[in-house]
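Hi,

Here is the structure I promised to pass on. Have a look at it first, and then read my notes below.

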Amino acid sequence: MKVTNYISEAFGELKDNVTWPEWSEIQRLTIIVAVFSVIFALVTFGVDKGFEVVIAKVYSFLKN
């Protein structure tokens, strides 16, 4: 009985007390998150490649 009461109250809270954003705001924020995710991925890729080159040069120097 407690579980069904909890679920019922949770749905009531979501329906009556939550302020949901407008569809246009959801779309705008989704685009912003996608753009920043791509930028962050590219920066991470660049840093990784940079470290790869530096480490390869260090090992090449130590090998000689």
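Predicted model: local features only at pLDDT ≥ 70, side-chain atom pairs only at ≥ 80, totals over all residues.

A quick definition before anything else: a residue is called buried under 20% relative accessible area, exposed over 50%, and partly exposed in between, using a 1.4 Å probe and protein chains only. Ser 8 has 47% relative accessibility, so it counts as partly exposed.

Residues are numbered from 1 along each chain as its sequence is written, and side-chain values use heavy atoms, with hydrogens and water left out.

On to the overall picture. The chain has two helices and zero strands (helices are DSSP runs of H or I with at least four residues, strands are runs of E with at least two, and both are numbered from the N terminus). Its radius of gyration is 25 Å, well over the 11 Å that the globule rule gives for 64 residues, so the chain is more spread out than a compact globule. That radius is taken over C-alpha atoms, and the rule is 2.2 Å times the number of residues to the power 0.38. Along the principal axes, the C-alpha trace spans about 75 × 35 × 10 Å. How much of the chain is buried? Buried residues make up 0% of the 64.

Helix H1 covers residues 2-16 and reaches 21 Å from its first C-alpha to its last, close to the 21 Å expected (1.5 Å times one less than its number of residues). The number of buried residues among its 15 is zero, so H1 lies largely in the open. Ser 8 belongs to this helix.

Helix H2 takes in residues 23-63, Gly 46 among them. Gly 46 is partly exposed, at 38% relative accessibility, and its C-alpha is 26 Å from that of Lys 63, 17 residues away along the chain.

Which residue forms a salt bridge with Lys 49? Glu 52 does, with the closest N and O atoms 3.1 Å apart. A salt bridge here is a side-chain nitrogen of Lys or Arg within 4 Å of a carboxyl oxygen of Asp or Glu, and the count by this rule comes to one. Glu 52 and Lys 49 are three residues apart in H2, which means about one helical turn separates them. Both partners are partly exposed: Glu 52 at 44% relative accessibility and Lys 49 at 36%.

Cheers
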